[in-house]
Amino acid sequence: MTSRERALGWLAGLGLTAGLVMAFGVAPREATQGNVQRIMYLHVPAILVAYLAFGVVLVASVIYLWGRAAGADRLAHASAEVGVVFTGINIATGAIWGKPTWGTWWTWDARLTSVSIMFVVYLGYLLLRAMIEDRERAARFAAVLGIVAALDIPLVHFSVYWWRTLHQPPTLLRPGSPPMDPTFVLALMVNLVAFALLYGYFTAKRVRLLRQEEEEVFA
Amino acid sequence: MWKDLLLEHRSKETLNALFFFALLLLFVFQFTLGPDRERLAGALPGLLWLGFILSGLLGLGRAFVVERENDCWEALLLAPGDKSAIYVGKLAGNLLLMFIVEAMLLVLFGVFFNLDLVPALPALVVVIGLGTVGFAAIGTLFAAMTTQVRARELLFPVLLLPVQVPVLLATVKATEAVLLGEPLGAVGHWLGLLAAADTIYLTVGVLTFDAILEA
C-alpha cells in the first residue's frame with residue numbers, strides 16, 4: 001500500500017466520520033418525514049459520486065482508445081466497478097427510504113428507472129470485461145462500451161423523464177439556491193466530499209490490484 | 001466495401017428464417033395474450049416493437065457470423081483503407097434486412113389482428129425508420145464486438161437491450177400516438193430524442209469501429 005493511498009484512506013475515513021456526525025448529530029430532524037429523511041445523506045452522495053465514476057470511465061475510455069495507455073484502461077475498469085457499487089447503494093437506500101415515505105419499495109418512476117437502467121448497462125460493461133480473456137481486446141471493447149454507455153445516460157434520462165415522475169425534483173443540481181436549510185446542505189456537502197474521497201480510495205486500490213494481477217499473469 | 005451489402009443480399013437464408021420467426025411470434029402473442037381483441041389493440045405498439053426487437057436481435061446477432069464461419073475475419077481485419085467503411089456497409093445491410101422484416105411484420109399484424117394501418121402509414125414509417133436506425137447503429141457495433149467473445153448469443157442482447165431503452169421508449173410511445181391517429185407534430189419531442197440518439201450512435205459507431213476490428 002503506497003503512502004498516498006493510505007493518506008487517502010484516512011481522509012475518507014475521517015470524512016465519513018464527520019459525515020455521520022453531521023447527518024445524525026448536527027442536521028436537525030426533518031419536519032414531515034422525521035428521522036427517515038437522514039438516509040438522504042447516504043442516498044444522494046452515493047449517486048452523485050457514481051455519476052462522477054461513470055464520467056471517469058468515459059474520459060479514461062477515450063484516452064485509452066486514443067493512446068492505448070494501459071493505465072487508462074485500468075482506471076476505467078476500477079472506476080466502473082466502484083460506480084456500480086455506489087449505484088447499488090443508491091438503489092438499496094432509495095428502496096429503504098421509499099417504503100416509509102411513498103409506501104412502496106419500488107415504483108417505475110422516472111428517476112428510479114433511469115438509475116436502474118444505468119446500473120444494468122454498467123453491469124453489462126463489467127460482464128463484457130469478464131467474458132474476454134485477452135486483456136488488450138477486453139480493454140478495447142470495454143472502452144467502446146464505456147463511451148456508448150456514458151453518452152447513453154442523458155438519452156435514458158430524458159426518455160424516462162417524459163413519463164410523469166413521483167420523485168421529488170433534484171434538490172442540489174438545479175438553478176437557484178437549494179430550498180433546504182443551510183444545515184442540511186452543509187451535512188450533505190460533508191457527506192458528498194467524504195464519498196468522493198472514498199471513491200478515490202477504492203479506485204486507487206483497485207487500480208493497483210489490477211496492475212498487480214497483470215504483472216502476475218505476465219511474470 | 002459495398003460488397004458487404006451484396007453479400008447480405010445473397011444470404012436469403014437469414015431473411016427466410018426471420019420471416020418464419022416473425023410469423024411464429026404472432027402466434028405466440030396470440031396464444032399468450034388470449035383472443036381478447038381489446039387488450040391486444042391496447043398492447044399493439046408494444047407488441048409490434050417486441051416483434052421488431054426480437055427479430056432484430058436475431059438478425060443483427062448473425063451480422064458477422066458469416067465472416068467468422070468462413071474464416072473471412074482476417075480479410076476484414078486486413079482490408080485496406082478506413083475501417084469505418086466496413087461499419088457503414090454492414091449497417092446498411094442490417095438496416096435493409098430489418099426494414100424488410102419490419103414491413104413483413106406490419107403486414108402480418110394488419111392481417112392477423114384485423115387492423116387498418118394505412119392511414120397512419122406515412123407517420124409510422126418515419127417513427128419506425130428513426131427507431132430502426134438507432135437500433136441497428138448500436139446493434140451493428142455490438143455485434144462486431146460480441147462475435148469475437150464467448151457466450152456471444154447471450155452477451156449481445158444483454159449489452160444491447162439496456163442501451164436501447166431510450167430508443168425503445170421513444171418509438172413505442174410515438175407508435176402508440178401515431179396509431180391513434182395523432183399527427184407527427186404531437187410526438188415531436190420523441191422524434192427529436194430519436195434523431196439525437198441516431199446521431200450519437202452513428203457518430204460513436206463510425207469513430208470507434210476501428211478499435212473493434214483490430215487484430
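Hi everyone. From the N terminus on, chain A runs α-α-α-α-α-α, which makes six helices and zero strands. Helices here are DSSP runs of H or I with at least four residues, strands are E runs of at least two, and both are numbered from the N terminus.

Some housekeeping before the details. This is a predicted model, where local features need pLDDT of at least 70 and side-chain atom pairs count only at pLDDT 80 or more, while totals for chains, interfaces and linings use all residues. Residues are numbered from 1 along each chain as its sequence is written, and chains are lettered from A and ligands numbered from 1 in the order in which they are written.

Let's start with chain A as a whole. Of its 219 residues, 41% are buried. Buried means that 20 or more other C-beta atoms lie within 10 Å of the residue's own; exposed means 12 or fewer, partly exposed is in between, and C-beta atoms are placed from the backbone. Among contacts in chain A with a separation of 6 or more, 79% are between residues 24 or more positions apart. A contact means that the two C-beta atoms, placed from the backbone, lie within 7 Å.

Now the core. The largest nonpolar core has 121 residues. Such a core is a set of buried Ala, Val, Leu, Ile, Met, Phe, Trp, Tyr and Cys residues joined through C-beta atoms within 7 Å. Helix α2 of chain A, residues 40–67, gives the largest share of this core, 16 residues. Which residues have the most contacts inside the core? They are Ala53(A), Ala76(A), Ala143(A), Val144(A), Leu145(A) and Ile138(B).

Take Ala143(A) from that list. Beyond its neighbours within four places in sequence, Ala143(A) touches Ser61(A), Tyr64(A), Leu65(A), Asp73(A), Ala76(A) and also Ala211(B). Setting aside sequence neighbours within four places, Phe86(A) is in contact with Ala46(A), Val49(A), Ala50(A) and Ala53(A). Is Phe86(A) buried or exposed? Phe86(A) counts as buried, because 24 C-beta neighbours lie inside 10 Å.

Next, helix packing inside chain A. Helices α4(A) and α5(A) pack at about 170°, with axes 10 Å apart. The axes are lines fitted to C-alpha atoms, for helices over the stretch in contact, and angles run from 0 to 180 degrees between N-to-C directions. The pair is therefore roughly antiparallel; that label is for angles over 145 degrees, with under 35 roughly parallel, 65 to 115 roughly perpendicular and the rest oblique. Residues that meet here include Ile117(A), Val121(A) and Tyr125(A) in α4(A), and Leu145(A), Ala149(A) and Ile153(A) in α5(A). By class, this contact has 16 nonpolar, four polar and two charged residues. For the classes, Ala, Val, Leu, Ile, Met, Phe, Trp, Tyr, Cys and Pro are nonpolar, Asp, Glu, Lys and Arg are charged, and the others, Gly among them, are polar.

On to the interface. Here 25 residues of chain A are in contact with 24 residues of chain B. Which elements of chain A give two or more residues to this side? Those are α4 (110–131) and α5, and α5(A) brings the largest share, 15 residues. The side of chain A that touches chain B has 21 nonpolar, two polar and two charged residues.

One helix pair spans the two chains. The axes of α5(A), residues 135–161, and α9(B), residues 165–179, come within 8 Å and cross at roughly 30°, so the two are roughly parallel. Their contact is made by residues including Leu155(A) and Val156(A) of α5(A), and Pro166(B) and Leu169(B) of α9(B). It has seven nonpolar, one polar and one charged residues.

Within chain B, the axes of α7(B) (121–146) and α8(B) (152–163) come within 10 Å and cross at roughly 150°. These two are therefore roughly antiparallel. Ile138(B), from our core list, is one of the α7(B) residues in this contact.

A last local detail: most residues other than glycine have a negative phi. Arg68(A), however, has a positive phi near 55°. Arg68(A) sits in the loop between α2 and α3 (70–102) of chain A, and counts as partly exposed because there are 15 C-beta neighbours inside 10 Å. Thanks, everyone!
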